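Student: Could we go through this structure together, one question at a time?
Tutor: Gladly, let's look at it first.

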Amino acid sequence: MRGADAALTDLAVNVRAGTPPEWLKAHIAASLDGLAAYPDGRVAREAVAARHGLPVGRVLLTAGAAEAFVLLARAIPARRPVVVHPQFTEPEAALRDAGRPVERAVLDERDGFRLTPAAVPEDADLVVIGNPTNPTSVLHPADAVAGLARPGRTLVVDEAFMDAVPGESESLAARTDVPGLVVLRSLTKTWGLAGLRIGYVLAEPDTITALERVQPLWPVSSPALAAAEACCTPSALAEAARAADRTAADRAHLADRLAELAEWAEVRVCGPAAGPFLLIRVAGAAAIRTRLRELGFAVRRGDTFPGLGPEWLRLAVRDRATTDRFIIALTKAMADTAA
């Protein structure tokens, strides 16, 4: 966070705390000696392909996952695109900016925001879904997501948070048997690289070619390419796996502490959760969020996500000590706003 917000403990942004690690910063810094040359993404592309066991022709490097949404909106001539909500709003915004008539398939809170087969219209020719989903933290079964595939349909699965899931269970990244599948990945969350802008697309070669045609020249900088290569090494993947395990344990601690509050106040935790964040429902959330800022904590409002209302807040998972401090602040915020 910047400016006056810099002193806040940030539970609003889902980037892993303490990142990027020193070894990654050193690797990126070493790439600066080559800035006089135009970026060459071949090595990074090969590294990403090897990381997922895919041919290089199924990989496209992008300036973050956000660029991938724009490329898809421009390159895929969808007549009836459907975005499954609640989820990250950028894919819908990109489709609308490209003149696509977007429809929403809004999942039901009563079902735990889980994917149901009837949620998506049968004639939708482009479907976008997050897994695990931001902001609900729901991890949909891989078979259920793959079951959305149809002949003539592009199925876009945003897996920006999948590397925060232990074992990356339910990932479709390595699948080549699902027709029309497009998987998006980001290195922002686990490695703390939001300012560097690096992500990638995994898809059928024809789709990759179509996306390349609408992508600007040299869209990914040399430092970002260096980061992509480094984050795909065996040692980096092992580090990410350990981080995912820690996040799962820290998320369980946060959920347990919130459950303690639920004994005397109406706090509902959306679950089971699988991402590095929790979605909670609490009466007076807007006032509580304002009071939390006064107490030194920033949390994410939920009402900007289609399908959610003003009573929802999203909380990033942090270490146990930070969570314990936050619960004290949340307890006071709830008491103060209820008075």
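Student: Is Phe 69 buried or exposed?
Tutor: Buried means under 20% relative accessible area, exposed means over 50%, and partly exposed lies in between (1.4 Å probe, protein chains only). Phe 69 has a relative accessibility of 4%, so Phe 69 counts as buried.

Student: Before we go on, what kind of model is this, and how are residues numbered?
Tutor: Numbering starts from 1 along each chain as its sequence is written, and side-chain values use heavy atoms, with hydrogens and water left out. Local features need pLDDT of at least 70, side-chain atom pairs count only at pLDDT 80 or more, and totals for chains, interfaces and linings use all residues, since this is a predicted model.

Student: How many aromatic pairs does the structure hold?
Tutor: Rings of Phe, Tyr and Trp (its six-membered ring) pair if their centres lie within 6.5 Å. By that rule, the number of aromatic pairs in the structure is six.

Student: What kind of pair do Phe 69 and Phe 88 make?
Tutor: Planes under 30 degrees apart count as stacked, over 60 as edge-to-face and the rest as tilted. The ring centres of Phe 69 and Phe 88 are 6.0 Å apart and the planes stand at 50°, so the pair is tilted.

Student: Where do Phe 69 and Phe 88 lie, and how many residues apart are they?
Tutor: Helices (H or I, at least four residues) and strands (E, at least two) are DSSP runs, numbered from the N terminus. Phe 69 is in helix H3 (residues 64–75). Phe 88 is in the loop between strand S3 (81–85) and helix H4 (90–97), and the separation is 19 residues.

Student: And which type is the pair of Phe 161 and Phe 277?
Tutor: Their ring centres are 5.0 Å apart with the planes at 75°, so the pair of Phe 161 and Phe 277 is edge-to-face. Phe 161 is in the loop between strand S6 (154–158) and strand S7 (181–186) and Phe 277 is in strand S10 (residues 277–282), so the pair ties together parts 116 residues apart in sequence. With relative accessibility of 5%, Phe 161 counts as buried. Phe 277 is also buried, at 0%, and the pair type you asked for is edge-to-face.

Student: How are helices H9 and H11 arranged relative to each other?
Tutor: Axes are lines fitted to C-alpha atoms, for helices over the stretch in contact, and angles run from 0 to 180 degrees between N-to-C directions. The axes of H9 (residues 234–261) and H11 (residues 320–338) come within 10 Å and cross at roughly 25°. Angles under 35 degrees count as roughly parallel, over 145 as roughly antiparallel, 65 to 115 as roughly perpendicular and the rest as oblique. H9 and H11 are therefore roughly parallel.

Student: What about H1 and H8?
Tutor: The axes of H1 (residues 22–30) and H8 (residues 222–230) come within 8 Å and cross at roughly 135°. That angle makes H1, relative to H8, oblique.

Student: What is phi of Glu 170?
Tutor: Most residues other than glycine have a negative phi. Glu 170, in the loop between S6 and S7, has a positive value, near 75°.
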